[in-house]
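Subject: Structure handover

Hello,

My notes on what turned up follow below it.

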Amino acid sequence: MLDADDLAVFPVDSWIQDGVAWVALNLRPLFLAIKWPVEYVLNLNIYLLHEIPFLAFVAVAVLLAWRLASLGVAAFTAIALVAIAALGVWSEAMTTLSLITTAIVICAAVGIPIGIGCARSDRMWGVVRPVLDIMQTTPTFVYLVPVVMLFGVGTVPGEVAVVTAAAPPLIRFTNLGIRMVETEMVEAGLAFGATKRQLLWEVQLPLAVPTILGGLNQTVLTAMVMSVVVAMIGAEGLGLVVLQGLGRLDVGRAAVGGIAIVLLAMVLDRITQKLAQPGGPGGRPLLRSLRGLFRADRPVENQAVAGKTVGGPAIANPDQ
Amino acid sequence: MTERLRVENLYKVFSKSPEPALRMLAQGAKKAEVLVKTGIVVGLNDVSLSVPTGAIYMVMGLSGSGKSTLARCINRLNEPSAGRILLDGQDIVTAGEAELRDIRRTRISMVFQHFALLPNRTVAENTEFGLKLQGVSPRVRRQRAEEVLSIVGLARWGNHYPHELSGGMRQRVGLARALATDADVLIMDEAFSALDPLIRTEMQDELLRLQRSLKKTILFITHDFQEALKLGTRIAIMADGELVREGTPQSIVLEPGSDYVAAFTREVDRSRLFDARSAMNPVQPVPLAAGLSLAETGDGGGLVLDDAGLVVGALDADTLRALRTGGTSLGNLLRKDFVTVHECDSLLDVARAHRAGRPMAVVDGAGRLTGTLAADRILAGIASTPPQAAGGPHA
Ligand SMILES: Nc1ncnc2c1ncn2[C@@H]1O[C@H](COP(=O)(O)OP(=O)(O)OP(=O)(O)O)[C@@H](O)[C@H]1O
Ligand SMILES: [Mg+2]
């Protein structure tokens with residue numbers, strides 16, 4: 001009888017081992033070049049988030065949540081942050097948050113341009129799309145294998161894994177957002193003599209912003225999940241709290257880590273989700289929200305005012 | 001009238017390799033045949049037309065007849081497959097990228113059916129869009145935007161967003177955006193079709209009002225014949241990518257030339273469309289007495305003209321007969337109760353002016369008699385059968 005194990009005659013593992021060893025040795029400058037900006041941004045974020053006083057952080061976070069989302073989200077943010085501190089894992093939470101914010105920065109810097117490129121070139125999309133498919137169907141856990149092989153272990157390799165896992169949704173949504181812009185809008189741009197670049201900056205990108213922000217929300221959530229998983233390759237943060245708790249069969253410690261993770265995830269999700277929601281037919285949530293930051297009236301109220309004026313004035317020739 | 005835009009033998013087939021289809025079309029094949037044999041959709045099949053400067057040139061036809069394709073070829077949103085499009089003598093089809101951009105920025109602008117306003121920009125920002133693309137400084141373009149917004153009656157709406165406006169107001173913004181660049185040629189593809197009937201009529205009046213002072217050359221696409229009649233100085237009718245009829249509104253209604261065209265003209269209110277000239281009997285004055293001539297009105301009587309062609313009076317049938325046989329003197333027999341209408345008056349106005357038993361004189365701008373009109377001819381002009389002996393369409 002043929003046994004399954006009889007077929008395992010090919011030493012695939014050692015081939016890959018050799019291959020990766022060769023790649024790691026010969027393409028070392030490439031990986032250093034990838035690692036360097038990640039490390040730089042990550043360290044900066046870790047430094048900033050740990051230096052900022054607790055109360056100042058809570059104040060800024062609550063203000064952001066209020067302006068970008070709503071009063072409810074702001075209240076929830078305050079409670080969640082205080083709870084995380086009360087659980088005694090504030091420093092770890094800040095490390096996790098550093099992993100996430102770094103991922104946002106790098107994903108935005110790399111993912112949005114790639115997404116734009118994909119939207120403008122079917123050929124590029126044809127190449128990128130299957131890669132994204134593979135990346136998004138790969139379980140987060142499996143990401144760790146090539147990362148460890150190529151970048152080693154620790155917080156910075158962990159961040160590389162976080163960025164790699166979190167980038168696909170942003171690329172996808174950017175591509176989608178630009179392609180979804182109505183043809184009549186694009187044609188209006190062309191008909192008035194827009195160059196390709198003007199078309200992108202004046203028409204396509206602004207109209208794609210809500211969709212891109214939707215992608216950003218996905219990216220944040222993926223980064224959140226991944227920032228926990230990468231504890232397994234030695235990255236610090238809340239994930240490590242859970243992992244250590246499990247390792248020592250310290251259920252209490254593991255649960256503390258878990259609760260803090262959930263709270264942080266919910267705060268991030270609520271804020272970024274509100275950001276991405278199209279704020280009415282105007283569809284300018286980000287700009288309006290950001291503008292709202294510097295104005296006395298809240299964005300939600302802006303909308304209400306706008307809504308009221310629609311039905312108000314006479315339809316015809318109001319000025320003549 | 002000079003010519004602003006000229007389309008010569010324009011073809012558009014929607015295919016990456018248009019040659020086989022173009023060859024079939026050149027040999028006289030029609031759209032349907034090409035579609036069956038090659039699977040290629042023909043948008044335009046040998047279209048030639050000439051748009052005079054300052055005209056509102058209407059293009060109409062059933063859905064799928066190629067109206068939009070024609071309009072979009074003019075600013076090359078659709079790439080023509082063959083033929084020439086001359087804007088003031090310059091061929092647009094062969095223009096390079098930069099040249100084309102320049103044409104789109106400064107010489108041809110467009111108003112869209114569904115407005116195509118950018119929702120993330122205010123009314124003023126939308127209006128100055130074209131100028132922004134040209135790199136005009138913010139202060140100058142904002143000033144220009146305010147100018148054109150007040151022209152279209154939206155002076156105080158600059159800081160609002162498009163979603164705060166009604167459909168009619170949005171299309172005014174679309175119009176303002178097109179006017180802001182000072183382009184001479186406007187392409188309006190079903191610009192009023194998305195508006196409800198009342199607003200639509202209002203926008204048509206507005207366009208006519210604006211056109212009186214702006215004198216743009218407008219290519220206006222519509223599938224509404226009433227709209228074509230109301231706005232158009234000339235009308236082109238398309239079917240299956242071909243131009244099947246072209247002419248003034250009156251001439252098209254008078255002589256549709258085919259059932260396809262006639263189907264559009266059936267519901268037309270001819271009394272508003274046709275003028276006195278189209279129904280009148282042109283006069284052939286015959287000498288009557290020294291310095292006077294006679295134009296017969298067809299009922300036995302006639303109108304008496306002086307040397308300059310001005311009407312001095314009318315003679316009824318009995319008097320005229322008496323005059324011819326007897327040699328009575330003319331002076332006190334002339335009736336002064338004739339009705340005068342201008343040759344450009346609509347038949348509706350003519351019918352209103354008509355009085356039973358009084359002869360009707362049709363005069364030109366200088367007051368000279370050009371024709372006479374009797375009740376039966378007015379009715380014939382309003383009814384759908386074209387009057388036989390009329391002066392015909394002045395196309
Ligand atoms: N991008 C395209 N690809 C293929 N065929 C097209 C394309 N655009 C238009 N056509 C075809 O060209 C023909 C003319 O279309 P066009 O849009 O010019 O019609 P239209 O007269 O403007 O109709 P409507 O009144 O519905 O707007 C149609 O048969 C249509 O199917
Ligand atoms: Mg159309």
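Between chain B and chain A the count is three salt bridges. A salt bridge here is a side-chain nitrogen of Lys or Arg within 4 Å of a carboxyl oxygen of Asp or Glu. One joins the side chains of B:Arg72 and A:Glu187, at 2.7 Å from N to O.

Conventions first. This is a predicted model, where local features need pLDDT of at least 70, side-chain atom pairs count only at pLDDT 80 or more, and totals for chains, interfaces and linings use all residues. Residues are numbered from 1 along each chain as its sequence is written, chains are lettered from A and ligands numbered from 1 in the order in which they are written, and side-chain values use heavy atoms, with hydrogens and water left out.

**The interface**

Chain B puts 44 residues into the contact (heavy atoms within 4.5 Å). Chain A puts in 31 residues. The buried area is about 3200 Å², with 58% from carbon and sulfur atoms. That is the accessible area (1.4 Å probe) that two parts lose on being put together, summed over both. B:Asn120, B:Leu133 and B:His163 supply 18% of what chain B buries against chain A, more than any other three residues.

**Helix packing in chain A**

Helix α5 (residues 90-120) of chain A packs on helix α11 (residues 238-247) of chain A at about 125°, axes 7 Å apart. Helices are DSSP runs (H or I, at least four residues), numbered from the N terminus. Axes are lines fitted to C-alpha atoms over the stretch in contact, and angles run from 0 to 180 degrees between N-to-C directions. A:Glu92, A:Ala93 and A:Thr96 of α5(A) meet A:Leu238, A:Gly239 and A:Val241 of α11(A).

**Salt bridges overall**

Over all chains the count comes to 34 salt bridges. One of them pairs the side chains of B:Arg144 and B:Glu147, at 2.9 Å from N to O. Both residues lie in helix α7 of chain B, three residues apart, about one turn of the helix.

Best wishes

Methods: Helices (H or I, at least four residues) and strands (E, at least two) are DSSP runs, numbered from the N terminus.
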